[in-house]
Amino acid sequence: MLFRSQERGLLTIYEDLEKNDYYNLLNDTRVLFNCALQDWVSNTVSEADTLGANVLYPAYRSFPETFANDATRLYVPWSLEDASNKLISLLQEPHENMGLISDWTDGTVDRIIDIIDGKGEQWNRAGNRYRDHVSEPKYQLRKP
């Protein structure tokens with residue numbers, strides 16, 4: 001289906017890009033849409049968020065925690081209607097929370113060091129209870 005859309009001129013598929021070429025595309029992208037249900041957290045969300053692209057990801061695995069449960073940028077997995085409604089909205093203008101994911105991700109190494117030093121138990125996700133904290137926002141979302 002994707003390749004048929006490309007043949008009809010509705011979609012462009014880029015394959016085997018060098019990292020700089022990928023970043024150049026992100027600089028000119030309005031929305032990065034992720035439909036990979038095997039991902040936990042990928043660098044793509046921080047890269048796109050940093051370079052000014054809106055992001056739309058499934059409310060699945062670690063993405064709700066990554067997005068601070070921002071329902072406007074998370075869609076119900078397997079729901080084409082929810083994904084398309086949110087995608088249409090995100091194509092219109094930059095999202096008010098753009099940049100917050102990448103700002104949060106930027107502090108990851110500091111949080112890891114705090115855990116290692118015994119000063120960051122609130123960030124520790126070791127063991128089998130790591131999902132206990134998914135519903136708690138890790139940073140404050142901007143309100144429109």
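I take helices (H or I, at least four residues) and strands (E, at least two) as DSSP runs, numbered from the N terminus. The model I examined is predicted.

**Confidence**

I first looked up the pLDDT values. The chain averages 91, and 98% of the residues score at least 70. Among the elements of the chain, I found the lowest mean pLDDT, 81, in α1. The highest, 98, belongs to strand β3 (residues 74-75).

**Positive phi**

Next I searched the backbone angles. Most residues other than glycine have a negative phi. Asp16, not a glycine, has a positive phi of about 55°. I located Asp16 in the loop between α1 (2-7) and α2 (19-27). I count Asp16 as exposed because its relative accessibility is 80%, and the cut-off for that class is over 50%.

Arg61 is another entry here: its phi is positive, near 55°, and Arg61 is a residue other than glycine. I placed Arg61 in the loop between β2 (54-58) and α4 (63-66). With a relative accessibility of 26%, Arg61 counts as partly exposed.

**Nonpolar surface**

Trp40, Val41 and Tyr130 make a nonpolar patch of about 270 Å². I traced Tyr130 to the segment after α7 (108-116).

How values were computed. Residues numbered from 1 in each chain as written. Predicted model: local features only at pLDDT ≥ 70, side-chain atom pairs only at ≥ 80, totals over all residues. Heavy atoms only, no water. Patch = residues over 30% accessible without salt bridge, like charges linked within 9 Å, V, L, I, M, F, W, Y side chains within 5 Å. Areas by Shrake-Rupley, 256 points an atom, 1.4 Å probe, with all protein chains shown as cover. Salt bridge = Lys/Arg side-chain N within 4 Å of Asp/Glu carboxyl O. Buried < 20%, exposed > 50% of the residue type's maximum accessible area, 1.4 Å probe, protein only. pLDDT = per-residue confidence, 0-100.
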